Amino acid sequence: MKTLSELALNVKASTTMAIDAKAKQMRAEGIDVVGFGAGEPDFKTPDNISMAAINAICSGKTKYTPASGLLELKKAVCNSLKRDLDLNYLPTNINVSDGAKPIVYISLRVLLNPGDEVILPAPYWVSYLEMIKMTGGVPKIISADKNQGFKVSAKQVEAAITEKTKCIILNNPCNPSGAVYSRKELNEIADICVNNDIYIISDEIYYELLYNEENFTSIASLSHEIQEHTILVNGVSKSYAMTGWRIGYCASNETISKVISNYLSHSTGSPCSISQWASVEALNGDQSSVKAMRDEFKKRRDYMANAINNITGVSCEKPDGAFYIMMNLDEVIGKSIDGVVITSSDDFAEKFLEKELVAIVPCTGFGFPNYVRWSYATSMENIQIGMKRLEKFVLSLK
């Protein structure tokens, strides 16, 4: 038989999906596993949103919609971007798809020619790296450690630019670090991108989940020039506990938007109509559920970060956004358990799951092999259990 696509064969499985699937399988077998791998809120979708979906079904709004999304939803997106981020877009600037992940992938498809370089700050969401390669791009990774707050500097971005550089992917707030870029930091990066004619794919899916006193700044809001260079990616999954509804969207200039729309019409087609009507209500309706969820996440973040930093051998930085914590393993790398030496976060996560029945995500796939990612999008009870098991496991390392 003829060989498969080389691009496809080089795609690696998602480490986050693999850990979550393994934990779910173990629980299904009756094993007392506590999972911290999933990137989704544990809250149920607010009732007003669910009722909007039920009403859509009952009123027969179950047919195909335009491939790029309902006009009503595009208008709701424009309203929310203006309300929350002071951004002005028209419905023709908006494209809707079945989740934010396909939007990032299609954005790369639209921007890249084979061999084009994409600047990718690390730590990065695991799928960014694979999507760049899947679309024929070349990832140019630049890293920022805890001393930089896991945020790359404008100087790093500028130093990474070559004649082949087409865009940068900026995840703000960041998965897995929870780092949030300030307005000043974004301005410096934006100036470099505009001056060098580089596009920005700005994934802001966690923008509602901030825990400091500063307001979130979208890089697209800084100037008309940077807005023209930006594909702003967002969705309803994280802020409204709607992960399974699969609705993401992007805002871009007219030219890019048209090409994305054309691409959608021949690839994913229209998103689920029922989910779109629910998303209209999510964006236009009562926003109190967002604040309630954010307040609860803040309590969990504080508890988890303090607990980790009170365990000798591991540590973390308290994140400003999203619902993840990266835990540093530098002090336990090289130690062993049951004769197995911990050489990376993969080893740590595997033995932790085996010995203490706790599922976390190794950050090898995020570009930081000496870290693991915890999600605090789970109950406080689970977090407390997880922290007790963590302390027991770390103390057992020799």
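Asp338 occupies the loop between β11 (336-337) and β12 (340-341), strands being DSSP runs (E, at least two residues) and helices likewise (H or I, at least four), numbered from the N terminus. Its phi is near 55°, a positive value in a residue other than glycine, and Asp338 is exposed, with a relative accessible area of 52% (exposed is over 50%, buried under 20%, partly exposed in between; 1.4 Å probe, protein chains only). The model is predicted: local features need pLDDT of at least 70 and side-chain atom pairs pLDDT 80 or more, whereas totals for chains, interfaces and linings use all residues. Residues are numbered from 1 along each chain as its sequence is written, and side-chain values use heavy atoms, leaving out hydrogens and water.

**Backbone geometry**
- Most residues other than glycine have a negative phi, and most peptide bonds are trans.
- Arg246, in the loop between β7 and β8, has a positive phi near 60° and is partly exposed, at 35% relative accessible area.
- The peptide bond between Ala122 and Pro123 is cis, with omega about 5°; Pro123 lies in the loop between β3 (117-122) and α6 (126-134).
- A cis bond also leads from Asn172 to Pro173, with omega near -5°; Pro173 belongs to the loop between β5 (165-171) and α8 (183-195).

**Lys238**
- Lys238 is located in the loop between β7 (230-235) and β8 (248-251).
- A polar atom of the Lys238 side chain lies 2.5 Å from the backbone oxygen of Gly39.
- Contacts of Lys238 (heavy atoms within 4.5 Å), apart from neighbours within four places in sequence, include Pro41, Tyr206 and Phe323.

Definitions and conventions
A polar contact is a pair of N or O atoms within 3.5 Å; within protein, one must be able to donate a hydrogen and the other to accept it, and residues adjacent in sequence count only if both atoms are side-chain atoms.
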